[in-house]
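These are my notebook entries on one protein structure. I record below what I looked up, entry by entry.

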Amino acid sequence: MRASLSLPGLLPPVFADGDLLIDGGALDNVPVEVMRARVGNGCVVAVDLSPKVEPLTAVHFGPGLSGWRVLGHRLNPVATRRPIPSIVDIMSRSNGLSQVRLQRAALAGADTDLLVRPPVPALGALDFKSAVPLIETGYRHASEELAKPRLANRFGL
């Protein structure tokens with residue numbers, strides 16, 4: 001579990017048996033090829049939670065943003081907060097954008113039996129408060145997809 005929280009740039013990797021372990025999503029968010037190799041002719045169901053359009057979370061702050069001025073505003077308790085992304089937002093977005101592109105390319109030619117894309121809103125990488133609604137939405141969507149006649153027959157339901 002601890003290795004799954006090791007997001008590059010945010011938390012250090014876990015050292016185990018001579019290996020440095022990080023979150024698997026940093027390399028492959030939807031490991032369809034790995035699962036196909038493991039199950040052979042069995043069914044591979046992939047769940048894609050990436051947004052259809054990458055959300056733009058950056059706020060326009062002009063060409064002359066000074067890091068010193070931002071730091072001064074953050075340290076001054078009475079100063080108004082400037083709407084700039086945090087380091088967590090920047091690291092998550094840069095990793096996320098490359099992952100979404102790679103994932104879409106892999107899923108387009110992937111050997112999946114079912115690709116489920118639940119209608120979920122764009123969530124932050126560390127938005128743990130949204131876990132329950134996300135799970136409920138995903139469950140409902142997957143149940144609806146599996147109930148469709150073509151899939152029910154395919155999966156023997």
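Entry 1. I took buried to mean under 20% relative accessible area, exposed over 50%, and partly exposed in between, with a 1.4 Å probe and protein chains only. The model is predicted: local features need pLDDT of at least 70, side-chain atom pairs count only at pLDDT 80 or more, and totals for chains, interfaces and linings use all residues. Residues are numbered from 1 along each chain as its sequence is written, and side-chain values use heavy atoms, with hydrogens and water left out.

Which residue forms a salt bridge with E145? I found K148, with the closest N and O atoms 3.0 Å apart. A salt bridge here is a side-chain nitrogen of Lys or Arg within 4 Å of a carboxyl oxygen of Asp or Glu. Side chains of opposite charge can pair when their charged atoms come close. K148 counts as partly exposed, at 35% relative accessibility. By this rule I counted one salt bridge.

**Entry 2. Helix α4.** I next examined helix α4, residues 131-147. Helices (H or I, at least four residues) and strands (E, at least two) are DSSP runs, numbered from the N terminus. The 17 residues of α4 should span 24 Å at 1.5 Å a residue, and the end C-alpha atoms are 24 Å apart, which agrees. The expected span is 1.5 Å times one less than the number of residues.

I listed the buried residues of α4 as G138, H141 and E145. Seen down the axis of α4, these buried residues fall within an arc of 70°, so they line one face of the helix. The arc is that of the directions from the helix axis to the C-beta atoms. On the other side of α4, I noted V132, I135, Y139, E144 and A147 as exposed.

**Entry 3. H141.** Is H141 buried or exposed? H141 is buried, with a relative accessible area of 16%. Leaving aside residues up to four places away in sequence, I found that H141 touches V116, R117, P118 and P119. Contact means heavy atoms within 4.5 Å.

**Entry 4. D17.** I looked up D17 in the loop between β1 (14-16) and β2 (19-21). D17 has a positive phi of about 50° although it is not a glycine. Most residues other than glycine have a negative phi. D17 counts as exposed, at 80% relative accessibility.

**Entry 5. The whole protein.** How many helices and strands does the protein have? I counted five helices and four strands. From the N terminus on, the elements run β-β-α-β-α-α-β-α-α. Of the 157 residues, 19% count as buried. Among contacts between residues at least 6 apart in sequence, 57% join residues at least 24 apart.

**Entry 6. L5.** I placed L5 in the segment before β1. L5 is partly exposed, with a relative accessible area of 43%.
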